[in-house]
Protein chains: 4
Amino acid sequence: MTPRPAQPVDWPGEMRAAACFSFDVDAESAVLHQHPEAAQRMSVMSHQSYGPLVGVPRLLKMLDRHGVRATFFVPGWTARRHPDTVRAIADAGHEIAHHGYLHEPLTGADPSTEADYLDRGLDALESTAGVRPVGYRAPMWELTYNSPRLLADRGFLYDSSLMDADHPYELAVPGAQSLVEIPIQWALDDWEQYCYLPGISGSGLIESPRKALEIWTLEFEALRREGGCFVLTTHPFLTGRPSRAAALEELVERVSAAADTWVAPLIDIARHVRSLGLSPRTLTPPDPHM
Amino acid sequence: MTPRPAQPVDWPGEMRAAACFSFDVDAESAVLHQHPEAAQRMSVMSHQSYGPLVGVPRLLKMLDRHGVRATFFVPGWTARRHPDTVRAIADAGHEIAHHGYLHEPLTGADPSTEADYLDRGLDALESTAGVRPVGYRAPMWELTYNSPRLLADRGFLYDSSLMDADHPYELAVPGAQSLVEIPIQWALDDWEQYCYLPGISGSGLIESPRKALEIWTLEFEALRREGGCFVLTTHPFLTGRPSRAAALEELVERVSAAADTWVAPLIDIARHVRSLGLSPRTLTPPDPHM
Amino acid sequence: MTPRPAQPVDWPGEMRAAACFSFDVDAESAVLHQHPEAAQRMSVMSHQSYGPLVGVPRLLKMLDRHGVRATFFVPGWTARRHPDTVRAIADAGHEIAHHGYLHEPLTGADPSTEADYLDRGLDALESTAGVRPVGYRAPMWELTYNSPRLLADRGFLYDSSLMDADHPYELAVPGAQSLVEIPIQWALDDWEQYCYLPGISGSGLIESPRKALEIWTLEFEALRREGGCFVLTTHPFLTGRPSRAAALEELVERVSAAADTWVAPLIDIARHVRSLGLSPRTLTPPDPHM
Amino acid sequence: MTPRPAQPVDWPGEMRAAACFSFDVDAESAVLHQHPEAAQRMSVMSHQSYGPLVGVPRLLKMLDRHGVRATFFVPGWTARRHPDTVRAIADAGHEIAHHGYLHEPLTGADPSTEADYLDRGLDALESTAGVRPVGYRAPMWELTYNSPRLLADRGFLYDSSLMDADHPYELAVPGAQSLVEIPIQWALDDWEQYCYLPGISGSGLIESPRKALEIWTLEFEALRREGGCFVLTTHPFLTGRPSRAAALEELVERVSAAADTWVAPLIDIARHVRSLGLSPRTLTPPDPHM
């Protein structure tokens with residue numbers, strides 16, 4: 001079956017483009033699933049806990065200064081480890097969405113394992129922050145072809161883990177309600193610019209916040225001209241550092257000042273897309289042997 | 001046998017240099033040959049299908065705005081997976097050339113395996129887009145010393161996978177008609193600047209379109225002063241992103257504005273070179289033990 | 001137990017922020033623990049000995065020009081190999097602190113091994129330079145949860161190896177006096193910008209001193225606005241090179257010119273923090289299986 | 001034995017600093033010793049042969065435009081493969097120096113193996129270009145503690161592979177005449193900025209010539225202020241590309257315009273240093289177990 005591209009969508013009122021600032025609050029979980037022994041490495045753990053302890057409060061204040069509501073993807077384990085942080089995000093009026101339990105990459109996971117991650121994540125967000133998320137983002141943006149059905153069965157409205165469009169779309173789910181997909185991309189992520197943990201993650205280089213700001217600003221302006229949906233993903237343990245938060249604030253100012261751009265959390269964007277009654281796209285795995 | 005350098009060539013009319021914008025439409029194939037299991041990784045596949053679904057249409061419009069005809073190298077598998085994309089390229093008047101079947105690197109391939117890749121690629125381009133290509137580029141720019149004969153036997157006019165000259169030349173093929181070789185180079189490629197797929201490809205860093213534009217512009221201006229042939233290679237799944245396409249458009253404008261530079265698809269450049277009646281160069285594998 | 005963030009601290013007098021220039025005088029030791037066979041690699045050893053032989057004298061003169069007192073972390077082995085260098089640092093009025101014996105990363109080390117590294121480092125600093133250090137920094141910033149107790153038992157006042165705050169704090173040590181912790185971060189380090197030793201360390205890229213200066217200046221200015229403590233870590237075998245030392249001197253000038261910023265060695269900062277009578281923070285390893 | 005630093009040297013006449021542009025003409029040899037099977041990879045070989053075929057002639061013309069005499073380090077194998085290139089270098093009045101036979105890294109090589117590389121390299125330079133070199137640079141700047149004696153026994157005047165000083169010095173050779181050592185450093189090399197050969201070498205990134213020019217210019221200016229010796233190392237297969245050669249030419253212009261800087265081939269610098277009658281430095285391998 002020949003894949004078909006997503007089509008541009010209409011935005012509310014006079015708006016010509018949309019933008020969301022999203023944050024993946026991985027904290028220690030992003031390290032622990034792959035490296036459980038790192039739980040005993042005090043410096044590594046302190047690097048990760050900077051996110052919920054320092055980064056999130058700083059970013060919440062920054063968002064508040066500009067009246068921007070954002071989306072925070074929180075692994076269930078992180079919610080259990082840092083419940084105050086998660087409640088502070090919710091109390092500030094931001095969206096809390098699902099990001100696995102211990103930030104498990106889904107590569108090669110069977111559906112029952114994947115279902116278990118989803119259910120444990122839901123339980124943790126419910127019990128720690130009283131939140132029932134409607135949005136999902138796969139850890140490492142690593143969705144499987146089983147994920148959409150598992151998400152639909154649990155009543156999720158949207159996912160934000162795919163990369164094949166500049167605009168959101170309805171993603172067909174065989175035998176169930178479709179999901180809104182709000183695409184992301186690697187260049188709109190802070191990990192590649194900032195992350196360095198020897199033996200664990202990173203290229204070994206650390207970039208300047210000015211370079212990150214340049215890439216993200218160029219892509220925002222270009223996506224805006226296309227009428228697309230700009231979704232930036234940053235991590236409080238990285239972008240929560242003072243000079244990086246300041247660079248992000250410059251971008252928040254610029255995007256907020258764009259009168260034709262609707263800045264909203266992903267849940268609002270997903271609800272808008274759902275209201276458009278789009279025809280769902282079907283995505284199937286390709287056959288490498290055809 | 002001592003290798004001899006290629007010599008500068010004359011360009012048509014008043015022209016003093018040449019330039020071609022070439023695109024490798026790898027799509028999913030660039031991942032699947034090395035990682036067939038990635039066919040089940042929905043996000044990875046969506047990253048690659050952005051090329052034919054979104055990148056190619058955007059780039060076709062951009063080229064049309066500037067009246068530039070380009071060369072698109074399409075693996076046979078990609079043509080079968082995305083036939084509409086390939087037909088749209090052909091319908092817009094661009095050249096479609098051969099880029100293997102499933103983007104197979106030829107390192108260590110024996111001649112019959114290599115022949116099979118070529119024949120399967122030819123069949124796919126013929127049956128999906130009615131195209132019989134005269135140009136070839138080895139996946140990963142990894143030509144073998146067997147490739148020229150296999151290409152000559154199938155009537156190819158040119159190859160574009162070698163790196164030992166600033167100008168095109170005739171490449172001697174023992175026992176057959178020579179091939180026009182139109183050289184490329186790693187610095188005139190977008191992969192090193194933009195590609196990141198964890199566990200699959202990339203250094204881990206992602207560069208700004210401004211940096212890519214700087215490198216390519218500097219090399220264009222310098223090659224132009226040398227009277228050489230500037231061949232840029234970009235990938236729609238990378239450079240098709242809005243801000244990168246905008247950077248490429250800046251370069252297309254600059255190159256098109258250079259009155260002494262002939263902007264043409266590789267097929268036109270190859271035909272011109274063939275018309276010059278150059279004496280073929282012989283390239284033989286060196287002996288590491290001499 | 002839910003981790004709690006460190007709180008901002010008051011600085012002496014009119015000061016609103018603090019800054020320390022720290023130097024890790026690894027010399028050959030940073031290579032030899034992981035690669036003892038590199039002792040026979042003359043060029044590799046010469047790369048490392050540039051630090052104590054050329055870098056340290058240059059940096060001492062530079063600090064003297066600006067009247068800045070700094071902190072030098074010296075592995076015990078380095079002190080034995082380069083005793084004149086260590087004495088020159090002490091004679092110039094700078095602080096000498098502990099940095100392991102042969103720059104041993106503590107990942108997976110048991111407490112008795114770790115104690116041995118500490119004791120051998122203390123012996124070496126005592127016998128070569130007559131110094132009893134009160135500050136510690138774990139090689140590779142790799143502290144274990146056992147380290148604080150081992151340091152407290154040996155009368156250390158402070159550690160500088162954790163990353164979970166912008167401000168210093170008292171770190172609780174079960175059964176012993178707390179330690180002052182003065183946090184660091186990967187972006188305020190020169191290794192990621194400059195280090196390249198094929199097969200031993202580095203991403204393979206080498207950055208410009210201007211880029212390093214940009215990152216460090218941006219973070220200094222942002223931390224200053226937060227009232228935090230800026231701790232830069234550089235290595236004389238890297239930053240001791242002329243153009244890098246010149247870039248660092250620009251930063252030293254800028255930081256020294258900030259009238260609201262207290263520039264001091266870490267020992268002075270730690271003593272100030274101790275005088276504040278802060279309530280210690282407890283940090284415990286997380287449970288990946290919760 | 002405590003290592004002692006090299007001391008600043010006096011330069012001829014009014015000169016306050018020195019500079020040499022050196023070129024490592026590795027060609028195919030830099031790949032073949034580690035990857036002999038790459039002899040069958042036509043594109044890889046073409047990438048390397050760009051150096052002797054195109055890069056060297058371009059660089060010779062550029063040097064001639066500025067009246068600069070340089071030093072070319074040529075592996076013996078390269079001289080046999082590309083004798084015309086080597087003769088053209090010699091005919092243009094530049095120095096040809098020794099760079100191994102097949103660019104063999106000396107890590108772990110025993111003295112007789114290392115002697116064999118030296119003797120085969122001498123034979124090849126003699127028989128192809130009639131040259132008896134007096135200078136040596138270890139491939140990969142990987143000198144062993146045996147190398148100095150082997151060089152001294154063959155009458156070499158100087159080596160340029162160590163990194164522990166900003167100035168040249170006399171290197172003691174037990175039981176033989178000392179060698180002049182003219183130090184180099186990783187930041188004054190083009191490999192880290194430009195080299196990319198998938199699966200063979202490089203970080204995966206390719207930098208802009210402007211960035212390379214910035215790093216080298218900053219270090220030249222800083223070394224000049226120190227009265228040191230600036231030795232840049234570039235590779236014709238990399239820096240011979242048009243825009244990179246243009247960037248190097250900017251640097252050659254700037255260095256040549258520095259009236260207080262003596263621009264000379266390494267042989268002239270070595271002879272000058274020898275004339276100073278310096279006391280040799282002794283370098284011994286450190287003991288990792290002390």
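Contact here means heavy atoms within 4.5 Å. By that rule, 42 residues of chain A touch 46 residues of chain C. Keep in mind throughout that this is a predicted model.

**Stop 1: chain A alone**

Select chain A and hide the rest. Colour by secondary structure: the chain has 11 helices and 9 strands. Along its principal axes, the C-alpha trace spans about 50 × 45 × 40 Å. For 290 residues, a compact globule would have a radius of gyration near 19 Å; chain A has 18 Å, which agrees.

**Stop 2: chain A against chain C**

Bring chain C back. Between them, chain A and chain C bury about 3,800 Å². Carbon and sulfur atoms carry 60% of that area.

Which residues of chain A lose the most area to chain C? Select A:M42, A:L53 and A:R81; together they make up 20% of what that side buries.

Now show charged side chains. The rule finds 6 salt bridges across the interface of chain A and chain C. Zoom to A:R41 and C:E142, which form a salt bridge with their closest N and O atoms 2.7 Å apart. Polar contacts between chain A and chain C come to 19 residue pairs, both partners at pLDDT 80 or more.

On the side of chain A that touches chain C, the elements giving two or more residues are α2 (42-65), α3 (76-81), α4 (83-91), α8 and α10 (242-256) of chain A. Select α2(A) next: this helix gives the most to that side, with 11 residues.

**Stop 3: chain A against chain B**

The area buried between chain A and chain B is about 3,700 Å², with 60% from carbon and sulfur atoms.

How many salt bridges does the rule find across the interface of chain A and chain B? There are 6. For one to look at, pick A:E214 and B:R210, whose side chains meet in a salt bridge at 3.6 Å, N to O. The count of residue pairs in polar contact between chain A and chain B is 19, both at pLDDT 80 or more.

**Stop 4: one chain, two surfaces**

Display both interface selections on chain A and chain C. Only 7% of the interface residues of chain A are also interface residues in chain C, so the copies meet through different surfaces.

**Stop 5: the axis**

Superpose chain A on chain C. A rotation of 90° with 0.0 Å of shift along its axis does this, at RMSD 0.0 Å. The two copies are thus related as by a four-fold rotation axis. To find the axis from chain A, select A:S203: its C-alpha comes closest of the chain's residues, at 4.4 Å.

**Stop 6: pairs without contact**

Show chain A with chain D. They do not touch, and their nearest C-alpha atoms are 9 Å apart. Finish on chain B and chain C: no contact joins them, and their closest C-alpha atoms lie 9 Å apart.

Definitions and conventions
Residues numbered from 1 in each chain as written. Chains lettered and ligands numbered in written order. Predicted model: local features only at pLDDT ≥ 70, side-chain atom pairs only at ≥ 80, totals over all residues. Heavy atoms only, no water. Buried area = accessible area lost by both parts, 1.4 Å probe. Salt bridge = Lys/Arg side-chain N within 4 Å of Asp/Glu carboxyl O. Polar contact = N/O pair within 3.5 Å; in protein donor to acceptor, adjacent residues only side chain to side chain. Least-squares fit on C-alpha atoms with pLDDT ≥ 70 in both. Helix = DSSP H or I, 4+ residues; strand = E, 2+ residues; numbered from the N terminus. Rg over C-alpha atoms; globule rule 2.2 N^0.38 Å.
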